[in-house]
Amino acid sequence: MIASVLLLFKFIIDIVRRLIYDKYYRSLGFVLLLVLIAGTLFYWMTQGRTFIEALGFSAATMAMNSPYGIGWGPSSYFGVVFHIIYMFISVGIFILFVLETGKTMVKTYDDFNKALEEKKERKANKLADSKK
């Protein structure tokens, strides 16, 4: 249980560290944020949604979970065209960002497990040395 919580914090720390030091990952995150802001502003300003609805719709579309079919979709021809373009761009960037985040998490998990194994090994060696 404690190891799981520690691993969760390690995930967060390593992702933030990578956002700070990895230029590619930081740029990808920045572009993702800009695309999210652009979609939110479009749906808010031109489609008559509240800001929070526009943000939710933009984020859901980006994550391929768009509530388009339940009446939340664009209300104009221009809105539909924008939505199609937004889907292609935002989904691609989102997938790249999620894949890079996944790489970071896999590396963190492997490093964490390696450190635990080394700690167990040192403890076992110390116990064996104390018995001699």
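Trainee: Axes are lines fitted to C-alpha atoms, for helices over the stretch in contact, and angles run from 0 to 180 degrees between N-to-C directions. With that settled, at what angle do the axes of helix 2 and helix 4 cross?

Mentor: At roughly 155 degrees, and the two axes come within 10 Å. Keep in mind that this is a predicted model.

Trainee: Is helix 2 roughly parallel or antiparallel to helix 4, then?

Mentor: Roughly antiparallel, because the crossing angle is over the cut-off of 145 degrees.

Trainee: And which hand does the crossing of helix 2 and helix 4 have?

Mentor: Helix 2 passes helix 4 in a left-handed crossing.

Trainee: On to the inside. How many residues are in the largest nonpolar core?

Mentor: That core has 14 residues. Among those with the most contacts inside it are Leu-32, Val-35, Met-62 and Tyr-86.

Trainee: Which helices supply at least two residues each to this core?

Mentor: Helix 2, which spans 23–46, does, and so do helix 3 and helix 4.

Trainee: Which helix gives the most?

Mentor: Helix 2, with seven residues.

Trainee: You listed Met-62. What does Met-62 touch, leaving out residues up to four places away in sequence?

Mentor: Met-62 touches Leu-32, Val-35, Leu-36, Tyr-86, Ser-90, Val-91 and Phe-94. Of these, Leu-32, Val-35 and Tyr-86 were also on the list of residues with the most contacts inside the core.

Trainee: Where does Met-64 lie?

Mentor: Met-64 lies in the loop between helix 3 (51–62) and helix 4 (77–131).

Trainee: Is Met-64 buried or exposed?

Mentor: Exposed, because its relative accessibility is 52%, and the cut-off for exposed is over 50%.

Trainee: What is the phi of Met-64?

Mentor: Near 60 degrees, which is a positive value in a residue other than glycine. Most residues other than glycine have a negative phi.

Trainee: New topic, charges. How many salt bridges does a search of the whole structure find?

Mentor: Six. Side chains of opposite charge can pair when their charged atoms come close. One of the salt bridges joins the side chains of Arg-17 and Asp-14, at 3.1 Å from N to O.

Trainee: Where do Arg-17 and Asp-14 lie?

Mentor: Both lie in helix 1 (residues 2–21), three residues apart, about one turn of the helix. Arg-17 counts as partly exposed at 42% relative accessibility, whereas Asp-14 counts as buried at 12%.

Trainee: Which residue does the side chain of Glu-100 meet in a salt bridge?

Mentor: Lys-103, at 3.1 Å from N to O. Glu-100 and Lys-103 are both in helix 4, three residues apart, about one turn of the helix.

Trainee: Why does Glu-100 count as buried?

Mentor: Because its relative accessibility is 11%, and the cut-off for buried is under 20%.

Trainee: Which residues are linked with Glu-100 and Lys-103 in a network of salt bridges?

Mentor: Arg-18 and Asp-22.

Trainee: One last pair. What is the N to O distance between Asp-111 and Lys-107?

Mentor: 2.9 Å, and their side chains meet in a salt bridge. Asp-111 and Lys-107 are separated by about one helical turn, because they are four residues apart in helix 4. Asp-111 is partly exposed, with a relative accessible area of 37%, while Lys-107 is exposed at 52%.

Definitions and conventions. Residues are numbered from 1 along each chain as its sequence is written. This is a predicted model: local features need pLDDT of at least 70, side-chain atom pairs count only at pLDDT 80 or more; totals for chains, interfaces and linings use all residues. Side-chain values use heavy atoms; hydrogens and water are left out. Buried means under 20% relative accessible area, exposed over 50%, partly exposed in between (1.4 Å probe, protein chains only). A nonpolar core is a set of buried Ala, Val, Leu, Ile, Met, Phe, Trp, Tyr and Cys residues joined through side-chain atoms within 4.5 Å. Contact means heavy atoms within 4.5 Å. A salt bridge is a side-chain nitrogen of Lys or Arg within 4 Å of a carboxyl oxygen of Asp or Glu. Angles under 35 degrees count as roughly parallel, over 145 as roughly antiparallel, 65 to 115 as roughly perpendicular and the rest as oblique. A crossing is left-handed if the near helix is turned anticlockwise from the far one by less than a right angle, and right-handed if clockwise.
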